[in-house]
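Work through the exercises below with the structure open. Try each task before reading its solution.

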Amino acid sequence: DGRVTNLDLGGRGLQAAAGLDPALFSLTSLKLLNLSGNDFNMSQLPAVGFEQLSELTHLDLSDTNFAGSVPSGIGGHHHPSLVYLDLSTSFYMVEFDSENTAIYFDYDSPSIWQLSVPNLASLLANLTNLEELRLGLVDLSSNGAGWCNDLARFNPKLQVISLPYCSLPGQICESFSALRSLRVIELHYNHISGSVPEFVACLPNLTVLQLSENMFQGQFPPIIFQHKMLQTIDLSENLGVSGVLPTTFSQGSSLENLLLKGTNFSGAIPSSISSLKSLKKLGLGASGFSGILPSSIGELKSLEFLEVSGLQL
C-alpha cells in the first residue's frame with residue numbers, strides 16, 4: 001500500500017543490469033532508502049521518480065555503479081527533510097604493482113568519474129536540514145569556484161562534508177565559517193588553492209581536517225594546532241603550504257593523525273610533541289624539517305606510523 005518507511009538493502013551484493021525498477025517510486029512513504037554496495041551496471045539514475053519520495057530523510061546510493069548526471073529529482077525542493085545524502089564511490093590508492101613499480105593514479109582523467117552534478121546549487125537548494133553530504137568521486141567541475149558558497153548558503157546544519165576526488169577548484173570561502181556544526185571536512189584530491197583559513201580553528205566540533213593532495217599555499221595558521229577536538233590534520237602533498245610546529249600543543253589534545261608529507265613545513269620538531277598522547281600517525285616527511293628527532297617521541301605509546309625526512313634519528 002506504499003506505506004513502507006525504511007528500505008535498507010545496503011551491501012547485499014545485488015545486481016540489476018537494467019537499472020533501477022520504477023516500482024520503487026510507488027513507496028511514497030519512504031523515509032530511509034539505502035541501496036549502497038549493489039551493482040546497477042553503469043545504468044543511468046532515472047530521470048523521474050525520486051521526486052515522488054518527498055518524505056526521505058536518508059538517501060544512500062553509494063558504491064552502486066550508477067553513471068551519468070544526477071537527476072534534478074534528487075535533493076533540491078523535492079526532499080526538504082533530507083538529513084543524509086550519499087552518492088559517493090569508494091576509492092583506494094595503489095602505489096606499487098607486484099614488481100614494486102610505482103603506479104600513479106591520474107585523478108584528472110575523465111574516465112574515473114561515473115556520476116556528475118552539473119548544478120550543485122540545484123541539488124543543495126532547500127536542504128536546510130542536511131547534516132551529512134558525501135559526494136566522493138562525483139564530478140563537480142562544472143560548478144566552478146561557487147561550490148563553497150553554495151554549501152554555506154543552503155545547508156546551515158552540515159556536520160559532515162566529504163567531497164574527495166570531485167575536481168573542485170577555487171578556494172575555501174569565508175562563508176564556510178558559518179557552518180558552526182561541522183565535524184568532518186574531507187576535501188582531499190581536488191584542485192583547491194589559496195590559504196588554509198584561520199577560521200577553521202573556530203569550528204568548535206571539528207574532528208577531521210583532511211586537505212591532502214590539493215594546491216593550498218601560504219602559512220598554515222598555527223592556532224589550528226591548538227584545537228582540542230581535532231583528531232586528524234592531513235596536509236600531505238600541498239607543496240605551497242609552509243609552517244612550523246608549535247613549541248607547545250593544547251593540553252588534552254585529541255590529535256591522532258598529523259600528516260605533513262610533501263609540504264613546505266620547516267624547523268625543528270619540538271619535544272612537546274610527546275604531549276600528543278593520542279597520536280597514532282605522525283608524518284614528518286616535509287623536506288624543510290631539520291635537526292634531531294626528539295627522543296620524547298618514544299613516549300607516544302599509541303604511535304603506529306612514523307614518517308620522517310631530513311631529520312637525524
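**Exercise 1. A covered helix**

What covers the buried residues of α2?

Solution. The model is a predicted one. Start with the count: 6 of the 8 residues of α2 are buried, and the helix is mostly covered. Next, name them. They are Trp 147, Cys 148, Asp 150, Leu 151, Ala 152 and Phe 154. Then look at what lies over them. The cover includes α1 (120-124), β7 (132-134) and β9.

**Exercise 2. The disulfide**

Find the cysteines that form a disulfide, and state the handedness of the bond.

Solution. Apply the cut-off: two cysteine sulfur atoms must lie within 2.5 Å. The sulfur atoms of Cys 148 and Cys 173 are 2.3 Å apart, and these residues form a disulfide. The count comes to 1 disulfide. Now take the torsion about the S-S bond. It is about -90°, so the disulfide is left-handed. Cys 148 lies in helix α2 (residues 147-154), and Cys 173 in the loop between β9 (160-162) and β10 (184-186). The pair therefore ties together parts that are 25 residues apart in sequence. Both Cys 148 and Cys 173 are buried.

Cys 166 is in no disulfide: the nearest cysteine sulfur, that of Cys 148, is 13 Å away. Is Cys 166 buried or exposed? Its relative accessibility is 0%, so Cys 166 counts as buried. Cys 202 is in no disulfide either, with the nearest cysteine sulfur, that of Cys 173, 16 Å away. Cys 202 has a relative accessible area of 45%, so this residue is partly exposed.

**Exercise 3. Ring geometry**

Classify the ring pairs Phe 25 with Phe 50 and Tyr 165 with Tyr 189.

Solution. The whole structure holds 8 aromatic pairs. Take the phenylalanines. The ring centres of Phe 25 and Phe 50 are 5.0 Å apart and the planes stand at 65°, so the pair is edge-to-face. Phe 25 sits in the loop between β1 (6-8) and β2 (32-34), and Phe 50 in the loop between β2 and β3 (58-60). This pair links distant parts of the chain, 25 residues apart. Phe 25 and Phe 50 are both buried.

Now the tyrosines. The ring centres of Tyr 165 and Tyr 189 lie 4.5 Å apart and their planes are at 5°, so the pair is stacked. Tyr 165 is in the loop between β9 and β10, and Tyr 189 in the loop between β10 and β11 (208-210), 24 residues apart. Both Tyr 165 and Tyr 189 are buried.

Which residues form one aromatic cluster? They are Phe 220, Phe 225, Phe 249, Phe 265 and Phe 289.

**Exercise 4. The core and a loop residue**

Which residues have the most contacts inside the largest nonpolar core?

Solution. This core has 83 residues, and those with the most contacts inside it are Phe 50, Leu 135, Leu 163, Phe 176 and Leu 187. α1, α2 and β17 (281-284) each supply at least two residues of the core. Take Leu 135. Beyond its neighbours within four places in sequence, its contacts include Leu 87, Leu 120, Leu 163 and Cys 166.

Finish with Ser 43, in the loop between β2 and β3. Its relative accessible area is 12%, so Ser 43 is buried. What does Ser 43 touch, not counting residues up to four places away in sequence? The list is Gly 19, Asn 65, Phe 66 and Ala 67. Ser 43 and Phe 66 are 23 residues apart in sequence, but 5.3 Å apart in space, C-alpha to C-alpha.

How values were computed: Residues numbered from 1 in each chain as written. Predicted model: local features only at pLDDT ≥ 70, side-chain atom pairs only at ≥ 80, totals over all residues. Heavy atoms only, no water. Helix = DSSP H or I, 4+ residues; strand = E, 2+ residues; numbered from the N terminus. Buried < 20%, exposed > 50% of the residue type's maximum accessible area, 1.4 Å probe, protein only. Phe/Tyr/Trp six-rings, centres within 6.5 Å; stacked < 30°, edge-to-face > 60°. Contact = heavy atoms within 4.5 Å. Core = buried A, V, L, I, M, F, W, Y, C linked by side-chain atoms within 4.5 Å.
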